[in-house]
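Dear colleague,

I am passing on the structure we spoke about, and my notes on it follow below. Please read them with the coordinates open.

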Amino acid sequence: MSLTAAFRNMPFREKTAWVMAAILIGGAAFYLDLVISASRALGQTAPPVIGFVIAYVVVIVTASVVLMSALAATSPREANDPADEREKIIGDKAGNWSGYVIVVPALGALWHYAVNQDGSMLFHLVFLSLMLGQIAEYVFQIALYRRGV
Amino acid sequence: MAKPPPITNRIRELREQYGGMSQSALAEAIGVTRQTVIAIELGKYSPSLESAFRISRVFGLGVEDVFGWQA
């Protein structure tokens, strides 16, 4: 089965999970690129810049609105249908598991701060934990749709 | 691959007996997506008790005529 056909046969919510995972991975790469470039220019960890966070949010929201609208336009009926029992279980499990993904790097960030007293790095690592948690939620959803609940 | 649940079903066979009912039609009748019907048929998902009853009613059968327990 071709990739296009496989995508067409997916449940609508699995399609949205693929799209959101891709958007969030792209957004995380965009944010990390901004921070790493700024850190290189400064010769130390770039301090938290609200502009970077706003840029990240704008990229994510814009891409989500555009791509989700396009996806909904291709399957308007499915887009309006509420999640069925299996989809609700998948959403719940993925949300629960992604919580652990947030905790592990967040603890690492705290440990790093305790050792190095680098508040800027603490900010970036905690923000990265949140991004990873969101990405993981969609990745877990995709895995559960593929392998079964 | 997740271990399949020990619940078996005859949904595919019953759909065929029921005039070749499509997965979409069954999904519509019980209020789930076609992919959920596929997952149930393949044993990748055990339906809720409510859905099991709904499926059985579509075929005019009891739950145990449609679903079984693989010991």
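Contact here means heavy atoms within 4.5 Å. By that criterion, in what is a predicted model, 13 residues of chain A are in contact with 15 residues of chain B. Three of the chain A residues, Glu85(A), Arg86(A) and Arg147(A), supply 46% of the area that chain A buries against chain B, which is more than any other three residues. Taken together, the two chains bury about 1100 Å² between them, with 43% of that area on carbon and sulfur atoms.

The polar side of this interface can be described in some detail. Nine residue pairs are in polar contact between chain A and chain B, and the elements that give two or more residues to the side of chain A that touches chain B are helix H5 (85-116) and helix H6 (119-147) of chain A. H5(A) provides the largest share of that side, namely four residues, and by class the side is made up of four nonpolar, two polar and seven charged residues. One salt bridge is found across the interface: the side chains of Glu28(B) and Arg77(A) meet in it, at 2.7 Å from N to O.

In helix H3 (residues 34-41) of chain B, six of the eight residues are buried, so that the helix is mostly covered; the buried residues are Gln35(B), Thr36(B), Val37(B), Ala39(B), Ile40(B) and Glu41(B). Just after H3(B), Gly43(B) takes a positive phi of about 75°.

Helix H4 (residues 49-58) of chain B has Ser51(B), Ala52(B), Ile55(B), Ser56(B) and Val58(B) as buried residues. Seen down the axis of H4(B), these fall within an arc of 155°, and they therefore line one face of the helix, whereas the face turned away from that buried side carries the exposed residues Leu49(B), Glu50(B) and Arg57(B). The cover over the buried residues of H4(B) includes H5 of chain A, together with helix H1 (11-17), helix H2 (23-30), H3, helix H5 (63-66) and strand E2 (67-69) of chain B. Just after H4(B), Gly60(B) takes a positive phi of about 70°.

Over all chains the structure holds seven salt bridges. One of them joins the side chains of Arg146(A) and Glu14(A), at 2.8 Å from N to O; since Arg146(A) lies in helix H6 of chain A and Glu14(A) in helix H2 (residues 12-42) of chain A, the pair ties together parts that are 132 residues apart in sequence. Arg146(A) is partly exposed, with a relative accessible area of 43%, while Glu14(A), at 2% relative accessibility, counts as buried.

Two further salt bridges lie within helices of chain B. Arg54(B) forms one with Glu50(B), the closest N and O atoms being 2.7 Å apart, and the two residues, four apart in helix H4 of chain B, are separated by about one helical turn. Arg12(B) forms another with Glu16(B), with the closest N and O atoms 3.8 Å apart; both residues lie in helix H1 of chain B, again four residues apart.

Finally, Gly99(A), which is found in helix H5 of chain A, is partly exposed, with a relative accessible area of 28%. Gly99(A) and Ala136(A) are 37 residues apart in sequence and 8.9 Å apart in space, C-alpha to C-alpha.

With best regards

Key
Residues are numbered from 1 along each chain as its sequence is written. Chains are lettered from A and ligands numbered from 1 in the order in which they are written. This is a predicted model: local features need pLDDT of at least 70, side-chain atom pairs count only at pLDDT 80 or more; totals for chains, interfaces and linings use all residues. Side-chain values use heavy atoms; hydrogens and water are left out. Buried area is the accessible area (1.4 Å probe) that two parts lose on being put together, summed over both. A salt bridge is a side-chain nitrogen of Lys or Arg within 4 Å of a carboxyl oxygen of Asp or Glu. A polar contact is a pair of N or O atoms within 3.5 Å; within protein, one must be able to donate a hydrogen and the other to accept it, and residues adjacent in sequence count only if both atoms are side-chain atoms. Ala, Val, Leu, Ile, Met, Phe, Trp, Tyr, Cys and Pro count as nonpolar, Asp, Glu, Lys and Arg as charged, and the others, Gly among them, as polar. Buried means under 20% relative accessible area, exposed over 50%, partly exposed in between (1.4 Å probe, protein chains only). The arc is that of the directions from the helix axis to the C-beta atoms.
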